[in-house]
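My entries are recorded below in the order of reading.

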Amino acid sequence: MNDLSMSGVATFDAERVRQDFPILNQEVNGNPLVYLDNAATTQKPDAVIQAIVDYYRTDNSNVHRGAHTLADRATEKFEAARLKVASYVNAGEARQIIWTRGTSEGINLVASSWGRTHLKQGDRVLVSAMEHHSNIVPWQMVALEVGATVEAIPVDETGTLDLDALASMLDERVKMVACGHVSNALGTINPVEQIIGMAHASGALCLIDGAQAISHFDVDVQALDCDFYVFSAHKLFGPTGLGVLYGKLDLLHAMPPYQGGGEMIETVSFAGTTYNQLPYKFEAGTPHIAGVIGFGAAIDYLQQLDRRGAQAHEQALLAYAEKRAQETPGVQLIGTSASKTSVLSFLLEGTHPQDVGMLLDQQGVAVRTGNHCAQPIMDQFGIPGTIRASFAFYNTLSDVDRLFEALAKARQFLV
Ligand code: PLP
């Protein structure tokens, strides 16, 4: 098909891997589905779907409290998944893995629990100008309460974070630097190791939003030395409604609970309540047991995959898509940083992204259009939004070809 199919891609059999994802094998609007909305959510392999079905068919029970066999089985699988995730991101201990509803809740938990305890009048929280709303608004909410400010680290016209500007912004009033590992709107990979080092040198903590990074490359939270790392299961081939907060032990120990309820307590009386130990202190109520078990299966699935090959394949898809974009009249790429994951954000001259998205969908090509919950960076570029094609390892070069064929037709129709 092209030179790229001979490099990197050759070692990874995407055609075989996509057979593991039943949803991909269907027609949409009379055309074979081309799913290019992986930054919004990834599809689930059979192994994940089966694990959830098996749980409900054979083990369904509440965790941690049962004195019967089903409850023991459910608890065992639930805690085994925590261990798998801990090992996947190289956390020192499983109790550093807190189950949340997703990236958004993880950030809300830290902003609320750590933020309300530690942020004071005049303190500053730095976030990048390309953050998802999830890593802006929770900080604004707590900042408003305590009289702190939330400020944006500038991003240049290619979508690259300005580290010199970050260096000049850091002072003793900065208590938290909260930054995305990868931008969902642009695909930029931020140099988080450097950012974490700079934050620490200045006495600030660092939270990394890994929602878009975790599916594309290996993350080692200890090597990064981040204080908090958050991500969503559904963007890592697992179920929706589940996420992970990793935190350093001393910080998690010192933080008050985020929500009250069952499971997060040690003893309750009207004279006073004591809280459970980690991680349960932060897991009030019945958790998403089926989701956690399904996520454990997603991690197992990923562990048996050739992940180096998958990464090379995704990079080849991006390079090919960028080449096709450059050859296509009227396409303007938004986000051209030197370091990117497989996200192609673009405009088609003379068209509105939403109209293009609709015409692509009619041809069976699923992309996302709009501001991608990253309004500030769209405002900086002076655009209402983009068309975003985001690739996973089960996409193929022919998916890229289908995207550009469909785009050509959309352009004919609209321009
Ligand atoms: N952060 C980033 C970078 C994202 O891309 C997303 C989702 O698109 C989120 C946070 C929010 O994730 P969730 O909706 O799973 O909480």
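**Basis.** I worked from a predicted model, in which local features need pLDDT of at least 70, side-chain atom pairs count only at pLDDT 80 or more, and totals for chains, interfaces and linings use all residues. Residues are numbered from 1 along each chain as its sequence is written, and side-chain values use heavy atoms, with hydrogens and water left out.

**Entry 1: Ser-345.** I located Ser-345 in strand S14, residues 343-348; helices (H or I, at least four residues) and strands (E, at least two) are DSSP runs, numbered from the N terminus. I noted Ser-345 as buried, at a relative accessible area of 1%; buried means under 20%, exposed over 50%, and partly exposed in between, with a 1.4 Å probe and protein chains only.

I then looked up the polar partners of this side chain. The side chain of Ser-345 reaches the backbone oxygen of Ala-185 at 2.7 Å, and a polar contact of 2.7 Å joins it to the side chain of Thr-386. A polar contact is a pair of N or O atoms within 3.5 Å; within protein, one must be able to donate a hydrogen and the other to accept it, and residues adjacent in sequence count only if both atoms are side-chain atoms. Leaving aside residues up to four places away in sequence, I found that Ser-345 touches residues including Gln-332, His-372 and Arg-388 (contact means heavy atoms within 4.5 Å).

**Entry 2: Arg-368 and Asp-37.** I recorded 23 salt bridges in the structure, each a side-chain nitrogen of Lys or Arg within 4 Å of a carboxyl oxygen of Asp or Glu. Arg-368 pairs with Asp-37, the closest N and O atoms being 3.4 Å apart. Arg-368 lies in strand S16 and Asp-37 in the loop between strand S3 and helix H2, so the pair ties together parts that are 331 residues apart in sequence. Arg-368 is partly exposed at 36%, whereas Asp-37 is buried at 8%.

**Entry 3: Asp-218.** Which residue meets Arg-307 in a salt bridge? I found Asp-218, at 2.5 Å from N to O. Arg-307 lies in helix H11 and Asp-218 in the loop between strand S8 and helix H8, so this bridge ties together parts 89 residues apart in sequence. Asp-218 also meets Arg-308 at 3.4 Å; Arg-308 is in helix H11, 90 residues apart from Asp-218. I listed Arg-307 as buried at 19%, Asp-218 as partly exposed at 37% and Arg-308 as exposed at 56%.

**Entry 4: network.** I noted that salt bridges link Arg-124, Glu-151, Asp-171 and Arg-173 in a network.
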